Structures are given as structure tokens and as C-alpha cells.
Amino acid sequence: MLEVIEQEASSCGADVNVVEVSKLTIRPCVACMTCRSTKKCVLPDDDAQRVLQKIEACDAIVIGAPCYWGNIPGTLKLLFDRIVYGMMGENSMAVPVALHKGKKAVIVTSSSTMWPFNIIMNQTRGVVRALKEILGWSGFKIVATVHKGGTFRHPEFTDADRKKCLKAARKLKIK
């Protein structure tokens, strides 16, 4: 699904960067909260800072995540924990300030739980909920979500799946 969106964005002239979170090296956040005031993580630079630079430079983001226990994979959560200071700030009264207003996002998720139970049982819906929370506080406008359930018994990519992905990519209105 992500490859279809990537190809469509590229064909529309977008400069596409693909980041595979499962291949990144990211140390866990130590919850020191220093980044809130310094706007920099105290831990040695790793792949988290490189991903944040890409997010800061982007006009749009497409995040694909499989469903793990009704939520995003731990590696993706770890990434967002480490770059929270670059996703949202705070004003003097500690009210969150979105740092990515005006940027668009598409969320893509899949689950081995068959449709429609992947949504009813909060499997892929759990992934979407978690990513909407992170991206929403960061200022991204979610323009589309794509769910695919039942991948255990039906892993094939259908024409209907392709159409959903193309429609989602077009909503980014990439220039």
C-alpha cells in the first residue's frame, strides 16, 4: 500500500523520502524532559534526530503501521517519544503548540484481523487513533486513512486496495 502511495506521489513530482522505522537505531527516551526547554534531546544523536529533520523539512507525511495489539508498533512509538520536542512545543503556560501546522498526513494501517472486525474490535482503528493523536497535536491535517483488514487469510493487494491508496495519495495534493 505504501509503495502505491510512494509511486503516485513521485509521479506527481514530489520528492519522496522513505524511512523504514524497523531498520532505525533509536535509544529509548529517558523522560528527563530537558528537550522541552532546550529543543534538543540530551541523548547522543541517533536515527531519531535524522527522521525529525526529514519531518521538519516535509510538506506532507504518510505513515504506515501494522496493528500490534490494537496500537502502533513499539518502534514507531519510541521514535515519536524521542522527537516530541520537534513535533510540538509549549507556550509559557505549558499549553501545547503545534509545530507542523499546514502540513498534511495520510495514515495507512493493516491488521491480520478480518474486516470489519479489524475496525469494530479497535485493531486498525487503534493504530489510526494513536497516530491521529500524535499528528494532531503536532499540527498535521489528516487528509486520509487507509485500513486493510484480514491480511492473515487474504494478504493479496486488490484493485480496491490500490484505488484507496491512489485516492489517499491524491488528497495530499503534492506539487
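Modeller: One definition to begin with: a residue is buried when its relative accessible area is under 20%, exposed when it is over 50%, and partly exposed in between, using a 1.4 Å probe and protein chains only. This is a predicted model, in which local features need pLDDT of at least 70 and side-chain atom pairs count only at pLDDT 80 or more, while totals for chains, interfaces and linings use all residues. Residues are numbered from 1 along each chain as its sequence is written, and side-chain values use heavy atoms, with hydrogens and water left out.

Biologist: Okay, how many disulfides does the structure hold?

Modeller: The structure holds zero disulfides, a disulfide being a pair of cysteine sulfur atoms within 2.5 Å. For Cys12, the nearest cysteine sulfur is that of Cys165, 14 Å away. For Cys32, the nearest one belongs to Cys35, at 6.3 Å.

Biologist: And is Cys12 buried or exposed, or something in between?

Modeller: Cys12 is partly exposed, with a relative accessible area of 40%, and Cys32 is also counted as partly exposed, at 41%.

Biologist: Switching to charges, how many salt bridges are there?

Modeller: A search of the whole structure finds eight salt bridges, where the term means a side-chain nitrogen of Lys or Arg within 4 Å of a carboxyl oxygen of Asp or Glu. One of them joins Asp46 to Arg82, with the closest N and O atoms 2.8 Å apart.

Biologist: Where do Asp46 and Arg82 lie?

Modeller: Asp46 is in the loop between α2 (34-38) and α3 (47-57), whereas Arg82 is in helix α4 (residues 74-82), so the pair ties together parts that are 36 residues apart in sequence. Helices here are DSSP runs of H or I with at least four residues, strands are runs of E with at least two, and both are numbered from the N terminus. Both Asp46 and Arg82 are buried.

Biologist: What does Arg50 pair with?

Modeller: Arg50 meets Asp47 in a salt bridge, at 3.1 Å from N to O. The two residues are three apart in helix α3, which puts about one helical turn between them. Asp47 is buried at 16% relative accessible area, while Arg50 is partly exposed at 44%.

Biologist: What about Lys148, which partner does it have?

Modeller: Lys148 forms a salt bridge with Asp161, 2.8 Å from N to O. This pair links distant parts of the chain, since Asp161 belongs to helix α8 (residues 159-171) and Lys148 to strand β5 (residues 141-148), 13 residues apart. Asp161 is buried at 7% relative accessibility, and Lys148 is buried at 10%.

Biologist: At what angle do α1 and α8 cross?

Modeller: The axes of helix α1 (residues 2-11) and α8 cross at roughly 45 degrees and come within 9 Å. Axes are lines fitted to C-alpha atoms, for helices over the stretch in contact, and angles between N-to-C directions run from 0 to 180 degrees.

Biologist: Which residues meet there?

Modeller: From α1, Val4, Ile5 and Glu8 meet Arg162, Cys165, Leu166, Ala169 and Arg170 of α8, contact meaning heavy atoms within 4.5 Å.

Biologist: Last one: where is Tyr85, and what does it touch?

Modeller: Tyr85 sits in helix α5 (residues 84-87) and is buried, with a relative accessible area of 8%. Leaving aside neighbours within four places in sequence, Tyr85 is in contact with Cys35, Lys39, Lys40, Cys41, Gln49, Leu52 and Leu99.
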